[in-house]
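Take a look at the sequence and the fold below. We will walk through them one step at a time.

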Amino acid sequence: MSSNRRRVPLVLTAACAVAGALALAPAAHAVAPLAATATYDCGTWGSGQATLTAADSGTAKTIKITSSAITMPTGTTADPNSITTTLKLTKTSGGVTSEVQFSGKTNPGMSGGNPITLGPLKLTSGTLAAGDSTNSKVLSSPPSATNWSLQIVASSPTSATVPCVATVTQSAPHVW
């Protein structure tokens with residue numbers, strides 16, 4: 001009987017420790033909508049609609065980009081996690097507009113003609129608070145080394161820097 005009495009406090013202590021850890025863990029925040037579309041001009045990689053899927057885990061804000069209209073050119077390939085992608089978005093917070101950037105080096109292996117899948121890209125420049133909104137940074141075409149809202153830098157085995165411009169705002173802004 002005395003061994004059972006010792007287990008009850010240990011079980012109770014363990015349960016309290018787990019509950020405390022969960023209470024201190026950052027909460028995931030909902031982003032609405034989760035996915036929005038925008039049109040991008042990526043020169044030789046194509047032009048068309050891309051889907052931007054946002055997520056907020058509470059510790060990281062991310063955006064993943066997918067598009068069947070924007071593809072790797074024929075005869076090129078990319079190894080997994082060999083493409084550095086940077087996405088510039090317009091941020092609105094309390095009526096003030098600024099810029100944030102998401103960046104990362106996460107991609108599946110891709111080859112010529114394959115649709116792009118880039119990210120998830122992490123927020124790397126600027127801040128986002130609850131209620132802030134982000135939208136595509138629309139720029140005039142053609143894209144160039146100094147005129148881009150999305151930049152794709154492939155490094156292995158094909159090397160290429162692909163600037164892209166958003167030609168329209170998103171179907172709906174992401175509200176963080």
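This is a predicted model: local features need pLDDT of at least 70, side-chain atom pairs count only at pLDDT 80 or more; totals for chains, interfaces and linings use all residues.

Helices (H or I, at least four residues) and strands (E, at least two) are DSSP runs, numbered from the N terminus. By that definition, T62 belongs to strand β3. Residues are numbered from 1 along each chain as its sequence is written, and side-chain values use heavy atoms, with hydrogens and water left out.

How many helices and strands does the protein chain have? There are 1 helix and 12 strands. Along the sequence, the pattern reads α-β-β-β-β-β-β-β-β-β-β-β-β.

How confident is the predictor? Its confidence in each residue is called pLDDT and runs from 0 to 100. The protein chain averages 88, and 84% of the residues score at least 70. Residues 10-25 fall below 50, and beyond near neighbours in sequence this stretch has 0 contacts in the model. A contact means heavy atoms within 4.5 Å. Now take contacts in the protein chain between residues at least 6 apart in sequence: 65% of them join residues at least 24 apart.

Next, look at what is hidden. Buried means under 20% relative accessible area, exposed means over 50%, and partly exposed lies in between (1.4 Å probe, protein chains only). Of the 176 residues in the protein chain, 36% are buried. In soluble globular proteins, nonpolar side chains tend to be buried together. A nonpolar core is a set of buried Ala, Val, Leu, Ile, Met, Phe, Trp, Tyr and Cys residues joined through side-chain atoms within 4.5 Å. The largest one here has 30 residues. Y40, I63, I65, L87 and F102 have the most contacts inside it. Several strands supply at least two residues each to this core, among them β1 (35-41), β2 (47-56), β3 (61-71) and β5 (83-93).

Follow F102 out of that list. It pairs with an aromatic partner, W176. Rings of Phe, Tyr and Trp (its six-membered ring) pair if their centres lie within 6.5 Å; planes under 30 degrees apart count as stacked, over 60 as edge-to-face and the rest as tilted. By this rule there is 1 aromatic pair. The ring centres of F102 and W176 are 5.9 Å apart and their planes meet at 20 degrees, so the pair is stacked. F102 sits in strand β6 (residues 96-104) and W176 in the segment after β12 (174-175), so the pair ties together parts that are 74 residues apart in sequence. Both F102 and W176 are buried.

Back to T62. Is it buried or exposed? T62 has 14% relative accessibility, so it counts as buried. Leaving out residues up to four places away in sequence, T62 touches T53, A54, A55, F102, P120, L121, K122 and W176. That list includes F102 and W176, the two rings of the stacked pair.

T66 is also found in strand β3. At 27% relative accessibility, T66 counts as partly exposed. T66 and I116 are 50 residues apart in sequence, and their C-alpha atoms are 5.5 Å apart in space.

Now for the cysteines. A disulfide is a covalent bond between the sulfur atoms of two cysteines. The rule used here asks for a pair of cysteine sulfur atoms within 2.5 Å. The count comes to 1 disulfide. It joins C42 and C164, with sulfur atoms 2.1 Å apart. C42 lies in the loop between β1 and β2 and C164 in strand β11, so the pair ties together parts that are 122 residues apart in sequence. The torsion about the S-S bond of C42 and C164 is about 115 degrees, so the disulfide is right-handed. C42 and C164 are both buried.

Finally, check the backbone. A cis peptide bond joins G119 and P120, with omega about 25 degrees. P120 is in strand β8. Another cis peptide bond joins S141 and P142, with omega about 5 degrees. P142 is in the loop between β9 (133-136) and β10.

Key
pLDDT is the predictor's confidence in each residue, from 0 to 100.
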